[in-house]
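Subject: Model for you to look over

Hello,

Below is the structure I said I would pass on. My notes on what turned up follow it.

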Amino acid sequence: MTALADVYPKDRITLREVGLRDGLQLVKTWPDTDDKLLWLSREAAAGVAHFEVGSFLPVKTMPQFADVRVLIEKARDLGVHAAALALNERGADDAIASLVPELVCVVSATDAHSEANMRRSRKAAVTLVGSTADKAAAAPHKPLVHVGLSVAFGCPLAGDVPAGDVIALAEDCLEAGADMVSLADTVGFAGPAQVAALSEALEKRVAGRPFGVHLHDTRGMGIANAAAALSAGASVLDGSLGGLGGCPHAPGASGNVVFEDLVFLCERMGFATGIDLQALAHAREVAVGAMPGEPFVGALAKVGPPKIAWRAGATAAQAMP
């Protein structure tokens with residue numbers, strides 16, 4: 001049985017590495033299974049403990065995720081937590097049968113994006129969350145159901161999204177049986193003030209549960225928005241190795257927050273991550289080598305961490321930039 005408090009304790013920050021799922025959605029080439037396993041193993045050795053390892057989507061349309069079950073088994077062997085995306089009923093059934101400990105569902109904050117991404121309305125997407133949660137609760141291993149609220153900060157198809165609509169949608173998903181929700185800036189529209197305000201509003205409504213943010217760096221606001229979310233109560237943050245990623249049905253949705261830079265941000269803000277950045281660089285080498293034509297970005301990859309005591313626990317004087 002997967003307990004929410006054990007996987008995502010509210011009293012500490014959890015970083016989810018989504019490169020093996022969201023990072024591979026839009027790539028033209030992708031690692032073979034052996035390279036994925038090495039990528040996963042090296043990140044686990046670096047201290048990364050939470051991964052999205054793929055999607056349960058038709059192999060014909062998303063062949064890069066054909067080996068998702070192999071990665072789920074590898075994550076189990078490594079003792080790290082794995083999650084996988086399930087966009088429809090069949091995907092949810094396959095995910096539960098794989099014994100993955102966490103299912104990720106998507107509910108868009110606008111009907112326009114929901115129809116483009118899932119071919120169903122927001123209301124129908126929440127109904128799917130409910131049926132998935134029921135199936136998960138009936139399964140012997142009782143996987144978590146985690147809902148990502150797409151285009152929560154603005155939709156490229158419908159425009160502005162009222163904050164009240166997002167909060168109401170989050171409540172609907174939790175009432176339907178979801179264990180946790182995350183706010184997704186799917187196309188990188190948000191700024192720190194908006195992220196802080198929506199995170200604070202959600203913090204008041206989730207009754208002590210952890211909640212997350214899934215941020216994109218499309219317009220260079222990713223790390224600033226992550227800092228705002230951390231300060232406003234978010235305790236689960238997504239990032240992608242080298243900043244890979246994007247949504248096929250959200251025009252302009254390039255680039256997740258760089259996972260390595262997110263680790264550095266958390267440590268500089270005083271949140272211990274347990275992740276070794278030097279070791280993380282070895283995982284990046286695997287991904288870059290397997291996808292030489294894909295754009296990898298990141299400030300830490302260019303210059304490395306500073307030559308000072310920058311981790312949590314440093315004195316105020318040591319921690320000055």
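The helices and strands named here are DSSP runs, a helix of at least four residues (H or I) and a strand of at least two (E), numbered from the N terminus. By that numbering, L99 is in the loop between helix 4 and strand 4 (102-108). Please bear in mind that this is a predicted model.

**Overall layout**

Eight strands form a closed barrel in the order 1-2-3-4-5-6-7-8, and their pairing is parallel. From one strand to the next, the twist averages 30°. On the helix side, helix 3 (residues 68-78) lies across strand 2 (50-55) and strand 3 (81-85), and runs at about 160° to strand 2.

How many of the six residues of strand 6 are buried? Six of the six in strand 6 (residues 180-185) are, so the strand is largely enclosed by the rest of the structure. The cover is on both faces: M180, S182 and A184 are buried on one side, and V181, L183 and D185 are buried on the other.

Strand 6 has strand 5 (residues 144-150) as a parallel partner, with four bridges between the two. The chain gets from strand 5 to strand 6 by way of helix 7 (residues 163-176), in a right-handed β-α-β crossover. Two of the facing positions are V147 opposite V181 and L149 opposite L183.

Strand 6 is also joined by four bridges to strand 7 (residues 212-215), again in parallel. Here D185 stands opposite L215. With helix 8 (residues 192-205), strands 6 and 7 make a right-handed β-α-β unit.

**Charged residues**

The count of salt bridges is 12. Two of them involve R16, which counts as buried at 1% relative accessibility.

One is with E52, where the closest N and O atoms are 2.8 Å apart. E52 belongs to strand 2 and R16 to strand 1, so this pair ties together parts that are 36 residues apart in sequence. E52 is itself buried, at a relative accessible area of 2%.

The other partner is D238, with the closest N and O atoms again 2.8 Å apart. This pair links R16 in strand 1 to D238 in strand 8 (residues 236-239), parts of the chain that are 222 residues apart. D238 counts as buried at 7% relative accessibility.

A salt bridge with another setting is the one between D94 and R90, at 4.0 Å from N to O. D94 and R90 are four residues apart in helix 4 (residues 89-97), so about one helical turn separates them. R90 is exposed, with a relative accessible area of 67%, while D94 is partly exposed at 27%. Returning to R16, salt bridges with shared partners join R16, R21, E52, E102 and D238 into one network.

Leaving aside residues up to four places away in sequence, E17 touches W39, E43, V48, H50, F51, E52, G239, S240, L241 and F259.

**Two backbone angles to check**

Most residues other than glycine have a negative phi. L99 is not a glycine, yet has a positive phi of about 70°. V151 is not a glycine either, and has a positive phi of about 45°.

Where is V151? V151 lies in the loop between strand 5 and helix 7. Buried or exposed, then, for each of these two? V151 is buried, with a relative accessible area of 0%, whereas L99, at 46% relative accessibility, counts as partly exposed.

Regards

Definitions and conventions:
Residues are numbered from 1 along each chain as its sequence is written. This is a predicted model: local features need pLDDT of at least 70, side-chain atom pairs count only at pLDDT 80 or more; totals for chains, interfaces and linings use all residues. Side-chain values use heavy atoms; hydrogens and water are left out. Buried means under 20% relative accessible area, exposed over 50%, partly exposed in between (1.4 Å probe, protein chains only). Two strands pair if DSSP finds at least two bridges between them. A crossover is right-handed if, with the strands pointing away from the viewer, the path from the first strand over the helix to the second runs clockwise. Contact means heavy atoms within 4.5 Å. Axes are lines fitted to C-alpha atoms, for helices over the stretch in contact, and angles run from 0 to 180 degrees between N-to-C directions. A salt bridge is a side-chain nitrogen of Lys or Arg within 4 Å of a carboxyl oxygen of Asp or Glu.
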